[in-house]
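Trainee: Hi! Could you walk me through the aromatic rings in this one?
Mentor: Happy to. Let's get it on screen.

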Amino acid sequence: MRPPTRDRIIETRAVTKRFPGRKGLFRSSAGVSAVNEVSLDIRRGETFSIVGESGCGKSTLARLLVRLLPPSGGEVLYEGNDISSLSDAEMRRLRKDLQFVFQDPFSSLNPRMTVGALIEEPMKVHTSLSRAERRRKVADLLARVGLRPAFANRYPHEFSGGQRQRIGIARALASGPRVIVGDEPVSALDVSVQAQVINLLEDLKDEFDLTLILIAHDLAVIRHMSDRIAVMYLGEIVELAPNDALFERPLHPYTQALMRAIPIASPHGRSMNVSLTGDVPSPLSPPSGCRFHPRCPQATSLCASEKPVLTGAGTGRAVACHHWETIAESTQAPVREPPRSTIAERRFALFRQRSQRQEPVTAATETENQAFREE
Amino acid sequence: MRPEREPHAAPVLSVDNLALRFKGAPANIIDGISFDVRPGETLCIVGESGCGKSVTALSLMGLLPRSVAQVMSGRAMFGDRDLLTLSQRTMADLRGNTISMIFQEPMTSLNPSYRIGDQIAEVVLRHRNVTGADARRRARDMLERVRIPAAASRLNDYPHELSGGMRQRVMIAMALANDPAVLIADEPTTALDVTIQAQIIDLIEELQKETGTALIMITHDLGVVAEIADRVCVMYAGHIVEDGPVETIFDDPQHPYTIGLMSSVPSVGPRSGRLATIAGMVPAIDDMPTGCRFTPRCPFAQENCALSPPVLDQHGPSHRAACHYAPLETVFAETGS
């Protein structure tokens, strides 16, 4: 039952994930709450990104959203239905719709299965296609992600990182999903290959009407791909805003610090600024009040004692900071890349034009010279 | 402001026509590269994985066994000595002393079973004629200089007790403990979060300003390059395809690979359409293209590109690029809009 007009595809209500601590005979350690009472909506067809530094809980939140992890508290709704407690059969049906692309294409593909079998497997589970139909669809999907259909007979180790990520994407698409979560899907790839995979993800999103949830630490990738962005710190969302708004006028002091730390790829850009000292505190014993207060340049005594809630801050945005209004008055300049020189622009345009005329950029051409088995 | 440069000072390290080949490989992994670095200068070596940037660093440090990586040609003059011909014993005297290196993953380069204070002191004791107490004092000073809070008590920590950023600070403290003339940093911030990366880059810049060390920074991140470099070498498949001052490389990129690399990086400014891409990927060593090694991926490639390797031509003051057709706009016209 899915009312097609509903614009929110996934919702969370105060979803929490606690990982239990160790229980030992002599020593026990407390649990960690990796995600703490997060409430957000994901809209149908958007690219929703979650950013934050390591240990902030972004990967855990992504897994909660598609029920790769059961929440310890709160609710996760998919198409309006709570998916926190489902039977196995219901879970299987859900998995068809909600797929995941992992960061490390080297460890997320079973090395003993052929690429064809890897991509076919979700179809066996989720569809009633015949063997021949499945084979045809495997070939289609391989071609669609820029690989040769003949690669179906080869094994994952025969491929480069970029190609393996394409295989992972083809596998995620095989069940005909509606939502794909990418957990750092391009961060293990080289710059030129990263651009290929980013473009591929964007094309596939349009073609298959997907909702994309993206986890990344690279703010330039986030900037390029997202519609809306949630910034996480120590298991909580501190700011949520549309892409342009967040980068043009970050409201939360943590978001502001992140923006200032981005290195700009131009020698004429502003220097990055070290406004955050110290490390992210351990989530085992999060600070009182606002979890960011020990590192926050604007913190007051209120911040140490009282936890700010995520509240509306203008169109489509929310921020969790006691002082965002006063801080916003002294806003910093938006993150900008200064314009390129005229001659550099001209050469970029030439490159773009001519590279589009090259044989379509497919990873299939990558291993042209290597011998491989044809069926 | 960038650290003080001494543009006219003699290079502290001068690599000339270095070529390396792994035993049994059909082609050179490093194929005739040359670069200089001067006191106080930061040279960034940029390129994707497999382009040979780390191999270059390891060979300069004497960390590649010569039985495995054969020197096919070239010299690496460090003062009046050629690093490529020094004995292992002499190299061991230089390493960590006058030339040192920091790596991407500090956890794997620190010994997990020794206290960090002892590890730093060991580097000092190995190269200097000092007492244990002096070495330990030096270790504490170094931890303070890399801005580790409560340095004196941190000396007794084990590496696992430190965060990634702190470990990288310890690596830097160790690398700089003997005031090296050259510091090679291989992707030192790649494993770190963006705010920690900013701290480490800032620290490296400041310490460099204080000590006048020449820095060779290996990175794939053009943002880091723009932030820290004085001069840039762009490497592709074992060749330097372009080099020059950092402003020139960004404002007047000549080689199609440099141009492709820059236009395939997403911008942090407002979105401007699809990313440009470079077709295919870096070639494997057993599949090295002839002529210009970028030919199979180059959207401007012509027949002669695969036949004759281009040499580094001068395109301005200390700006060189290895492309038969640079500047591109003089050869290739934009097709109608």
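Trainee: What lies over the face of Phe159(A)?
Mentor: In this predicted model, that is Arg154(A), at 5.2 Å from the ring centre. Arg154(A) also lies over the face of Phe151(A), at 4.9 Å from the ring centre.

Trainee: Nice. Switching to ring pairs, how many aromatic pairs are there over all chains?
Mentor: There are 11 aromatic pairs over all chains. One of them joins Phe300(B) and Phe332(B): the ring centres are 5.1 Å apart and the planes meet at 55°, so this pair is tilted.

Trainee: And where do Phe300(B) and Phe332(B) lie in chain B?
Mentor: Phe300(B) is in the loop between helix 11 (256-263) and strand 11 (313-316), while Phe332(B) is in the segment after strand 12 (319-321), so the pair ties together parts that are 32 residues apart in sequence.

Trainee: Is Phe300(B) buried or exposed?
Mentor: Phe300(B) is buried, with a relative accessible area of 2%. Phe332(B) counts as buried too, at 8% relative accessibility.

Trainee: What about Tyr325(B) and Phe332(B), how are their planes set?
Mentor: Their planes are at 65° and their centres 5.9 Å apart, so that pair is edge-to-face. Tyr325(B) has 18% relative accessibility, and because buried means under 20%, Tyr325(B) counts as buried.

Trainee: Which residues do ring pairs link into a cluster here?
Mentor: The cluster holds Phe351(A), Phe300(B), Tyr325(B) and Phe332(B), linked by ring pairs.

Terms used:
Residues numbered from 1 in each chain as written. Chains lettered and ligands numbered in written order. Predicted model: local features only at pLDDT ≥ 70, side-chain atom pairs only at ≥ 80, totals over all residues. Heavy atoms only, no water. Phe/Tyr/Trp six-rings, centres within 6.5 Å; stacked < 30°, edge-to-face > 60°. Helix = DSSP H or I, 4+ residues; strand = E, 2+ residues; numbered from the N terminus. Buried < 20%, exposed > 50% of the residue type's maximum accessible area, 1.4 Å probe, protein only. Lys NZ or Arg CZ within 6 Å of the ring centre and 35° of its normal.
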